[in-house]
Amino acid sequence: MNPAATNQDSQTQRCIAEAERYGATNYAPIPVVLERGEGVYLYDVEGKRYMDMLSAYSAVNQGHQHPKIVAALIAQAKTLALTSRAFHNDKLGPFLKKACELTGMDRALPMNTGAEAVETGIKLARRWAYQIKEVPADKAEIIVCEHNFHGRTTTIVGFSSDEGSTEGFGPFTPGFRKIPYGDAAALEGAITDNTAAFLVEPIQGEAGVVLPPPGFLKAAREICSRHKVLLIADEVQTGLCRTGTVLRCEAEEVTPDVLLLGKALSGGLYPISLVLAKADVMAVFSPGSHGSTYGGNPLAAAVGAAALDVLVEEKLAERARTMGERFMAALRKGLAGKPQIKEVRGAGLLIAVEMNHKEAKRLVKTLASRGILAKDTHHTTIRFAPALVINEEQVDEAAAIIVDVLGE
Ligand SMILES: *Cc1c(COP(=O)(O)O)cnc(C)c1O
């Protein structure tokens with residue numbers, strides 16, 4: 001019997017045992033059972049409070065259970081939830097208008113998950129290649145980056161470089177070429193007459209908050225325009241104020257041809273994603289060519305509109321920038337000169353600490369015991385991405401604990 005035998009019947013143990021008995025084993029969560037959230041905080045079933053430094057992979061930029069988004073969800077749930085796109089609904093138009101105006105795009109196509117937005121972007125780019133660029137049938141190519149993360153469908157994992165995501169899932173969809181991330185010369189070298197698009201994350205979040213060299217996005221934009229290749233920015237994680245601007249592309253004044261959003265589009269209350277594009281590109285979709293039963297339903301649209309309002313009303317881009325600067329400065333100062341720390345990097349409130357050892361998983365558990373929930377990547381890196389509503393005191397408190405644990 002393990003030393004926790006006296007705790008065998010704790011609610012935590014029971015919840016974990018049941019999930020492990022009946023669940024698939026595709027996740028290995030740390031042993032914390034959460035039951036309530038508010039702002040930057042999460043509470044477990046034993047009543048312990050944690051600062052959430054993962055924010056559901058940046059889906060909860062607006063903070064857990066944001067009152068305005070919760071109110072929109074409840075009101076719309078009582079009114080109308082799902083009609084299918086066979087009919088119009090009164091909430092979709094206002095939501096799409098808000099999303100287009102906020103991002104500077106012309107048109108938006110609603111889906112549910114980030115992976116579906118990526119799949120939609122791929123279909124859009126291929127159709128555009130055949131109809132507009134006149135690429136020969138079934139020859140369209142899409143260039144992607146090494147160490148990308150774009151989701152979990154069979155097509156998407158087919159161009160992943162992560163063995164854990166691909167092993168045993170083939171055969172994969174053809175039509176993708178991989179280049180090193182951040183390498184503009186490699187991008188230009190990989191382009192052929194059949195290239196439809198370059199699909200890229202402006203910062204690679206899942207890879208461990210990897211920033212490309214400065215100027216890469218701008219160079220990619222110029223190269224894509226010159227070769228008549230669509231630039232598809234996957235901002236599912238970096239978008240919606242996380243990095244200190246509404247879109248990360250703004251950091252280099254780049255406008256993509258196709259923009260993919262998800263995660264924070266609902267502030268964590270509903271799965272919502274969007275593919276946004278310039279009008280001439282989106283025009284290649286005709287009625288019947290693409291769709292989704294839940295995509296664009298009135299409940300999602302009402303929640304999405306409220307979630308976008310919160311980003312604007314609470315100036316969360318600016319907040320991510322100022323709080324991110326404060327957080328990163330505190331981490332850099334506190335961890336300076338520590339031999340086990342390789343790098344503190346990030347943008348806005350998307351921050352990572354990379355270590356010279358492979359103890360990230362153990363440190364994440366120590367952080368949890370100290371009231372900080374964070375996620376390790378690749379054994380060496382821990383990501384810190386709190387809700388953007390975090391305040392100065394909370395940043396300082398979190399940074400002090402993180403410095404203490406990582407600098408041990
Ligand atoms: C999370 C993520 C996705 C996939 O989103 P899901 O909602 O999990 O399907 C796609 N792209 C990026 C950059 C992401 O971070």
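This dialogue walks through how to read several features of one predicted model.

Q: What average pLDDT does the chain have, and where does pLDDT stay under 50?
A: Where pLDDT is low, the predicted coordinates should not be read in detail. In this predicted model the chain averages a pLDDT of 96, with 98% of the residues scoring at least 70, whereas residues 1-5 stay under 50 and have 1 contact beyond four places in sequence.

Q: How many helices and strands are in the chain, and how compact is it?
A: The chain holds 14 helices and 15 strands. Its radius of gyration is 22 Å, close to the 22 Å that the globule rule gives for 408 residues, so the chain is as compact as a globular protein of that length. Of these 408 residues, 53% count as buried, and among contacts between residues at least 6 apart in sequence, 73% join residues at least 24 apart.

Q: Which peptide bond is cis, and where does proline 171 lie?
A: Most peptide bonds are trans. Here the bond from glycine 170 to proline 171 is cis, with omega near 0 degrees, and proline 171 belongs to the loop between α7 (163-166) and β6 (176-179).

Q: Where does lysine 263 lie, and why does it count as partly exposed?
A: Most residues other than glycine have a negative phi. Lysine 263, although not a glycine, has a positive phi of about 35 degrees, and its place is in the loop between β9 (258-261) and β10 (273-277). Lysine 263 counts as partly exposed because its relative accessibility is 26%, which lies between the cut-offs of 20% and 50%.

Notes
Residues are numbered from 1 along each chain as its sequence is written. This is a predicted model: local features need pLDDT of at least 70, side-chain atom pairs count only at pLDDT 80 or more; totals for chains, interfaces and linings use all residues. Side-chain values use heavy atoms; hydrogens and water are left out. pLDDT is the predictor's confidence in each residue, from 0 to 100. Contact means heavy atoms within 4.5 Å. Helices (H or I, at least four residues) and strands (E, at least two) are DSSP runs, numbered from the N terminus. The radius of gyration is taken over C-alpha atoms; the globule rule is 2.2 Å times the number of residues to the power 0.38. Buried means under 20% relative accessible area, exposed over 50%, partly exposed in between (1.4 Å probe, protein chains only).
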